[in-house]
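Have the structure open as you read.

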Amino acid sequence: MNVTACAGRRLRVVVSGLSSDAHLWNLVHLQLFLEDLGHEVANLGNTTPDATIVEACRTGRPDLLVLSTVNGHGRTDGLRLIRALRAVPSLAALPVVIGGKLGIDGRDHAGTRLTAAGYDAVFDDAAEGGPESGLARFESFLGALAAGHSRGGPAAGAGAA
Ligand code: B12
């Protein structure tokens, strides 16, 4: 991976798959990507129940929650989860992003709905530039967050598809 170490503070990041999603290598890829940038990662793995993700964030108080989904159910799973997270008062302002293959064959552009529901940024493989461009926008988002800009700062909306 061609990434450079972060200039700002080291973020404590929770990475997780969603409850219906059995894919694993996307999570490994994200963990390595974040660790290469100098951040600390707790990877909750695949097919993770919503309640486990909520509890890990409530007790661990990470700087960022990164959700990855590729099985095509991301829009449904992602909406349900962000509502559960935002319903917990201590997690109302937690920076949360979601990315991957959010719909089926790139047909559903779910970014607007997901950001309206409470995600700080959405990195959809189906957006212009594909996955590589999504990861580049994600790296900018991380840079802004590590530099201390609230919830990713000006880059936060840049990944919305
Ligand atoms: C291996 C695989 C499986 C394995 C998974 C094994 C495992 N434990 O991981 C098995 C056989 C279990 C499987 C099952 C299924 N799969 Co599958 N699978 C794949 C396959 C071939 C490779 C996935 C992979 O490992 N990629 C490597 C990782 C590193 O890359 P990635 O997943 O693409 O992630 C990248 C991006 O998405 C992005 N990204 C991901 N998350 C995030 C998050 C953020 C924040 C950011 C910035 C970026 C980002 O960055 C990553 C690196 O570029 C893909 C096809 C393909 N060639 O990609 C299909 C694929 C993902 N599977 C697919 C499908 C449909 C299924 C099934 C529904 C099939 C079925 N009918 O049963 C089931 C779903 C099971 C479930 N409950 O989830 C579809 C999804 C279609 C869609 N979303 O449009 C794909 C794309 C195949 C296809 N072309 O149709 N699968």
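Let's start with helix 3, residues 74–86: its 13 residues reach 17 Å from the first C-alpha to the last, close to the 18 Å expected at 1.5 Å a residue. That expected span is 1.5 Å times one less than the number of residues. Helices here are DSSP runs of H or I with at least four residues, strands are runs of E with at least two, and both are numbered from the N terminus.

Which residues of helix 3 are buried? They are G74, R75, D77, G78, L81, I82 and L85, where buried takes 20 or more other C-beta atoms within 10 Å of a residue's own, exposed means 12 or fewer, partly exposed lies in between, and C-beta atoms are placed from the backbone. Looking down the axis of helix 3, the buried residues fall within an arc of 160°, so they line one face of the helix; the arc is that of the directions from the helix axis to the C-beta atoms. Their cover includes helix 2 (50–60), strand 3 (64–69), strand 4 (96–100) and helix 4 (111–117).

## Strand 1 and its partners

Strand 1 (residues 12–17) has five of its six residues buried, so it is largely enclosed by the rest of the structure. Strand 1 pairs in the parallel sense with strand 2 (residues 40–43) over four bridges; pairing requires at least two DSSP bridges between the strands. Between strand 1 and strand 2 the chain passes through helix 1 (residues 25–36), and this β-α-β crossover is right-handed: with the strands pointing away from the viewer, the path from the first strand over the helix to the second runs clockwise.

Strand 1 also runs parallel to strand 3, joined to it by five bridges. V13 stands opposite V41 in strand 2 and opposite L64 in strand 3.

Of the 161 residues, 42% count as buried.

Residues are numbered from 1 along each chain as its sequence is written. This is a predicted model: local features need pLDDT of at least 70, side-chain atom pairs count only at pLDDT 80 or more, and totals for chains, interfaces and linings use all residues. The mean pLDDT (the predictor's confidence in each residue, from 0 to 100) is 89, and 85% of residues reach 70 or more.

Note on methods:
Two residues are in contact if their C-beta atoms, placed from the backbone, lie within 7 Å.
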